[in-house]
Amino acid sequence: MSLLLNVLFCLFPHRKTITGNVSKTISSGIVKEMAVALLAGIFTFPLAVLTQFVPLYHVPHDIYKIHTENIVMVQLGIYIFIVWTADRNRPRDEPSRIDGVSWLHHEAGQGILLNSLFFLLLVTMAKPEQQVSVGLHQTLGPCNVSEALTSVLGQTLYRRAYLCAGDYDEGMFDWHCLPGAEPPPDGTEWYPICGTPFPLHAEYIYTVSAFCLLGIAFYWTVLRGWAQPAKRVKYE
């Protein structure tokens, strides 16, 4: 998809520069048309490397160690958004085109912007290892006690009946903030748990930032044509 995006990016600017038009139905002669195709073929791959492969993949993956699946999903979201935006927008020279007021004048736009900025600030500045949650949690107990439950498909599954303080796979909390870093005794339901540091902070920032920015761009596109200036009506 990245190569196709760069093919189109190279094709239409070159076509307008060389032939003087961007119409797909008007031929400007075999020489000019061949020049457009050759230039697009020559510059597509170098441009894709410089504008997408290096900044969008190799920098986050090789330097910040972000997993490939997260990068691919973010890039896929960007490509889908580009296609969807182009499909929604009318040509700028179309007479029926209506430009509304800024999308930030719409209450929904303001809410989306503030919500996204909050999550960006939270994932960037928050330190989960400094957080302590005191409340009702899973009851602490022995590790060898199991309980049965029935799944949606009717299967009988087994799980631990209690939270085993000495053997649990929850990497989101531990007991380091308690005296001696010791867990509460078995049978306790109301107790504090201690947050742990991000295993890979850069990946959290990358993923949350991508979702927030794509969300802002999505609502900007949706609300841009709907937020029309309010008209004052005079009542007698």
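The largest nonpolar core is made up of eight residues, Leu-140, Leu-163, Phe-173, Trp-175, Leu-178, Tyr-191, Ile-193 and Cys-194; a nonpolar core is a set of buried Ala, Val, Leu, Ile, Met, Phe, Trp, Tyr and Cys residues joined through side-chain atoms within 4.5 Å. Strand β5 (residues 190-195) gives the most to this core, with three residues. Strands (E, at least two residues) and helices (H or I, at least four) are DSSP runs numbered from the N terminus. The model is predicted, with local features requiring pLDDT of at least 70 and side-chain atom pairs counted only at pLDDT 80 or more, while totals for chains, interfaces and linings use all residues. Residues are numbered from 1 along each chain as its sequence is written, and side-chain values use heavy atoms, without hydrogens and water.

Contact denotes heavy atoms within 4.5 Å. With neighbours within four places in sequence set aside, the contacts of Ile-193 are Gln-131, Val-132, Ser-133, His-137, Phe-173, Asp-174, Trp-175 and Cys-177.

Arg-15 is placed in helix α1 (residues 2-19) and is buried, at a relative accessible area of 10%. Buried stands for under 20% relative accessible area, exposed for over 50% and partly exposed for values in between (1.4 Å probe, protein chains only). Beyond neighbours within four places in sequence, Arg-15 contacts Gly-20, Asn-21, Val-22, Ser-23, Ile-26, Glu-33 and Val-36. A distance of 8.8 Å separates the C-alpha atoms of Arg-15 and Ala-35, which are 20 residues apart along the chain.

Ser-116, in helix α4 (residues 107-125), is likewise buried, with a relative accessible area of 6%. Residues up to four places away in sequence not being counted, Ser-116 touches Cys-212 and Ile-216.
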